[in-house]
Amino acid sequence: MTVQDIRSFNRFYTNVIGALDYGRRLYAPYTLTESRVLYELAHAPRTDAADLRAQLHLDAGYLTRILNKFEEDGLVERGPSETDPRRRRITLTTPGRQAAALLDERARQSVGAMLDTVRAEDRPRLAEALRTVRTILGDGRAPRPEDVVLREPAPGDLGWIVQRNAALYAAEYGFDADYEALVSRIVADYAGDHDPRRERTWIAELDGRPVGCVMCVRDDAPGAARLRLLLVEPDARGLGIGDRLVGALVDFAREAGYREVVLWTNDILSAARRIYRRHGFVLVAEKPHHSFGRDLTGQDWRLDLHATPE
């Protein structure tokens with residue numbers, strides 16, 4: 001292995017993915033760096049300028065010029081950080097999210113077209129080769145919170161939500177097939193008819209695989225959104241994924257005009273309940289019940305989106 005081997009591969013791969021071919025209009029009207037900044041902002045709703053600069057290893061002046069351009073174009077808003085007033089929080093506006101979604105869709109189509117040329121029997125070998133490169137060049141380091149991205153569901157992800165909920169809750173809490181049936185109905189209802197302006201699903205992705213999810217759907221009560229199916233894979237816990245998923249949902253619900261977010265859970269889900277409490281949810285009712293093959297205590301939680309944080 002020589003330096004020339006790696007440089008040769010880099011030239012080959014940039015040609016394969018069309019990174020330099022602006023004729024494809026993959027990133028237009030943005031540069032590759034600008035597109036990456038938009039991507040990071042879309043998948044980390046609470047990013048501030050310092051975090052963004054560190055994640056992307058960008059010069060501070062260069063990033064400032066990009067953010068100034070985005071602000072002039074109405075793509076981002078900047079304000080003081082909620083946790084440190086010395087920092088500047090950057091948030092995508094509605095046009096900014098639309099631009100990021102368009103770029104993401106173009107990238108998915110481009111990579112999808114490339115994968116269409118790969119034979120099915122070769123795909124596992126390709127996936128393993130990519131994992132090997134990441135492992136070796138990543139020096140075997142443990143995953144970091146910034147390695148996790150939040151995105152919208154891709155084809156197959158809704159099925160993954162059903163499968164992983166059923167498998168994890170059976171393994172960790174002994175839930176029976178009734179729980180899988182409930183999750184299946186929730187996901188089917190969402191897939192069959194949801195309003196993207198008022199309802200959304202987030203997938204947390206790490207190293208190219210889904211490791212978490214949450215859904216925001218309209219509740220029967222007027223003005224209320226309902227949080228559903230929060231899940232984080234066991235091997236991805238400890239990276240703040242649950243916090244980020246709930247934070248993204250709360251931000252979305254507030255911007256969508258809901259007055260409150262409600263959820264139903266069970267008292268045995270202690271880690272999830274701690275996350276809800278950190279985000280300002282309040283326990284409003286609880287009641288014993290027998291469901292999913294278990295004696296449980298169900299709990300109703302509520303977050304008033306118009307309340308002033310303490």
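Colleague: How many helices and strands are there in the protein?

Modeller: This is a predicted model, where local features need pLDDT of at least 70, side-chain atom pairs count only at pLDDT 80 or more, and totals for chains, interfaces and linings use all residues. Residues are numbered from 1 along each chain as its sequence is written, and side-chain values use heavy atoms, without hydrogens and water. Helices (H or I, at least four residues) and strands (E, at least two) are DSSP runs, numbered from the N terminus. The protein has 10 helices and nine strands.

Colleague: Why is the protein called as compact as a globular protein of that length?

Modeller: The globule rule is 2.2 Å times the number of residues to the power 0.38, and the radius of gyration is taken over C-alpha atoms. For 310 residues the rule gives 19 Å, so the protein counts as that compact, with a close radius of gyration of 21 Å.

Colleague: What share of the residues count as buried?

Modeller: Buried means under 20% relative accessible area (1.4 Å probe, protein chains only). Of the 310 residues, the share is 39%.

Colleague: What do the end C-alpha atoms of helix H5 span?

Modeller: The expected span is 1.5 Å times one less than the number of residues. H5 covers residues 94-116, so its 23 residues should span 33 Å; this agrees with the distance between its end C-alpha atoms, 32 Å.

Colleague: Which elements do the buried residues of H5 pack against?

Modeller: Those buried residues are Gly96, Ala99, Ala100, Leu103 and Asp104. Contact means heavy atoms within 4.5 Å. The partners are helix H2 (32-43) and strand E2 (88-92).

Note on methods
Buried < 20%, exposed > 50% of the residue type's maximum accessible area, 1.4 Å probe, protein only.
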